[in-house]
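Here's a quick tour of a structure for anyone just starting out. Have a look at the picture first, then go through the notes below.

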Amino acid sequence: MTLVLLLLLFSMLLGLWRVIKGPTLLDRLLTIQLFGSSGVAILLVLSKLLALPALLDVALLIAILAAAAPAALVQRLGKSRADTRSLGKTP
Amino acid sequence: MGLLLFDVVLCALLLTLAGAAMLSRQLVHAVTLFIAFGVMMALAWARLQAPDLALAEAAIGAGLTGALCFTALARYAGDAGYPKPKLWLPLVFVAAVSALLLYSVFQIPAQPTTELSERVAEHLAVSGVSHPVTAVLLNFRAWDTLLELLVLLLALLGARQVPSQLPLHAGWSLSVSWSRLLSPMLLLLSAYLLWRGAAAPGGAFQAGALLASGLVILRLNQQLAWLSWQNFAVRTLVLAGLIAFVMAGLASLLLPGQLVWLSWPVALAGGIILLVETFATLAIALTLALLVVGEPEQEPADA
């Protein structure tokens, strides 16, 4: 089970490159989505491994917030003039 | 061995994300890094077997903080005359806080004492709830929680002194319908967390933060035109958490055999805690949502 945990975490490590390096804002936002879904998976495995069923609630919370975040973020970014440039192409 | 590697990689990820967020040239990138940091922090709390904190961090770090920072950024971008901050002042501040934190780390005994948790377990039966964290927050140390609600209210009142006008744009139809689709689920989940709080990790703060992110998402998509400080019902509900708490404290004083302020009679404790938590959830949700979205420039015609 720890192997699964490690694999999931390493998939996040790969995402780290995109969230730091970019190059576009869209890459970063999508990486946050990847972090959200890998995080849910890690929490599900951890709840079995540590025998803590309450972690399932945390996974549920992250899952729904990861789905909800773009609705707030994209709304703000798409319209503010300063960021419209960096959404599409490299800064 | 595998778990140790997991811990090391998780710590490295956390530190890298924190460092990258601080050193990032563009504020937008710093904010996205900070949201990623919030998700990682929730995982770290989960790994430390602290589901209560993991829930709070997930609700605030992964949900609200992102919306708060992006909204602040949208206002900041419009204000070009804002002076560029100097780097050394934040650095001195961060160094001072880090030194204090390091100092406090050395105050923690190497072997954690079990005396307090034993005493909580001993009195859990008379608290009205079966989850020790909720018992401490809403019964044994209810005074602290009452003051925390007051702090939140003061934060809102302080933020209201600054003119904060949120430019509202017409929502994209996809994001509007997506937010409408999600909001019932957010509502259901926060009610679930509130109810769960009596027996398992959860409770008013987590439920309130989750509900707040639902409100913020809808508000940013031009829904919920009533969500404004001008609205009398909203102001009442913002105060309702404190009022319900104080009223419950005063009412329990009137009952025979009650001598201490904010100590619930055993038979009614469960009901009182649920009542106080329900109002606290509403108050927290509205306070946080108002803190994030502020006041609209004008009421949108199509709500």
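What follows is a short briefing on how two chains sit together and on a few residues inside them.

Keep in mind that this is a predicted model. In it, 58 residues of chain B are in contact with 46 residues of chain A.

**Chain A by itself**

- Chain A has four helices and zero strands, and reading along its sequence gives the pattern α-α-α-α.
- Chain A is made of 91 residues, and 53% of them count as buried.
- Take the contacts in chain A between residues at least 6 apart in sequence: 54% of these join residues at least 24 apart.
- UniProt, in an unreviewed entry, puts the annotation "transmembrane region" on residues 28-47 and 54-73 of chain A.
- Residues 28-47 of chain A are 100% helix and 0% strand, and the C-alpha atoms at the ends of this span lie 28 Å apart.

**Where the chains meet**

- About 4,800 Å² of area is buried between chain B and chain A, and carbon and sulfur atoms give 81% of it.
- Three names to look for here are B:Phe6, B:Leu43 and B:Trp172: they supply 13% of the area that chain B buries against chain A, more than any other three residues.
- The rule finds three residue pairs in polar contact across the interface of chain B and chain A, with both residues at pLDDT 80 or more.
- Which helices of chain B each give at least two residues to the side that touches chain A? They are α1 (2-23), α2 (27-47), α3 (51-78), α8 (173-196) and α9 (204-220).
- The largest share of that side comes from α3(B), with 13 residues.
- Sorted by class, the side of chain B that touches chain A has 41 nonpolar, 15 polar and two charged residues.

**Salt bridges**

- Side chains of opposite charge can pair when their charged atoms come close.
- Over all chains, a search of the whole structure finds three salt bridges.
- One of them is between the side chains of A:Asp57 and B:Arg196, at 3.5 Å from N to O.
- Since A:Asp57 lies in helix α3 (residues 55-79) of chain A and B:Arg196 in helix α8 of chain B, this pair joins two chains.
- Are the two partners buried or exposed? A:Asp57 counts as buried at 7% relative accessibility, while B:Arg196 is partly exposed, with a relative accessible area of 28%.
- Another salt bridge forms between B:Asp7 and B:Arg47, whose closest N and O atoms are 2.8 Å apart.
- That pair links distant parts of the chain, as B:Asp7 is in helix α1 of chain B and B:Arg47 is in helix α2 of chain B, 40 residues apart.
- B:Asp7 is partly exposed, with a relative accessible area of 23%, but B:Arg47 is buried, at 16%.
- The side chains of B:Asp144 and B:Arg141 also meet in a salt bridge, at 3.1 Å from N to O.
- B:Asp144 counts as partly exposed at 30% relative accessibility, and B:Arg141 is partly exposed too, at 48%.

- B:Ser117 sits in helix α5 (residues 115-123) of chain B and is partly exposed, with a relative accessible area of 46%.
- A polar atom of the B:Ser117 side chain lies 3.1 Å from the backbone oxygen of B:Thr114.
- B:Ser117 and B:Pro132 are 15 residues apart in sequence, and their C-alpha atoms are 8.4 Å apart in space.
- B:Asn139 belongs to helix α6 (residues 132-140) of chain B, and at 9% relative accessibility B:Asn139 counts as buried.
- Setting aside neighbours within four places in sequence, the residues in contact with B:Asn139 include B:Val126, B:Leu262, B:Trp264 and B:Ile273.
- B:Thr287 is in helix α11 (residues 269-293) of chain B and is buried, with a relative accessible area of 3%.
- Beyond its neighbours within four places in sequence, B:Thr287 is in contact with B:Leu152, B:Leu156 and B:Val238.

**A domain from the record**

- For residues 179-288 of chain B, UniProt (unreviewed entry) lists "domain: Na+/H+ antiporter MnhB subunit-related protein".
- The span of residues 179-288 of chain B is 71% helix and 0% strand, with its end C-alpha atoms 18 Å apart.

Notes:
Residues are numbered from 1 along each chain as its sequence is written. Chains are lettered from A and ligands numbered from 1 in the order in which they are written. This is a predicted model: local features need pLDDT of at least 70, side-chain atom pairs count only at pLDDT 80 or more; totals for chains, interfaces and linings use all residues. Side-chain values use heavy atoms; hydrogens and water are left out. Contact means heavy atoms within 4.5 Å. Buried area is the accessible area (1.4 Å probe) that two parts lose on being put together, summed over both. A polar contact is a pair of N or O atoms within 3.5 Å; within protein, one must be able to donate a hydrogen and the other to accept it, and residues adjacent in sequence count only if both atoms are side-chain atoms. Ala, Val, Leu, Ile, Met, Phe, Trp, Tyr, Cys and Pro count as nonpolar, Asp, Glu, Lys and Arg as charged, and the others, Gly among them, as polar. UniProt positions are given in the numbering used here, feature names are shortened, and annotations may be inferred rather than shown by experiment. Buried means under 20% relative accessible area, exposed over 50%, partly exposed in between (1.4 Å probe, protein chains only). A salt bridge is a side-chain nitrogen of Lys or Arg within 4 Å of a carboxyl oxygen of Asp or Glu.
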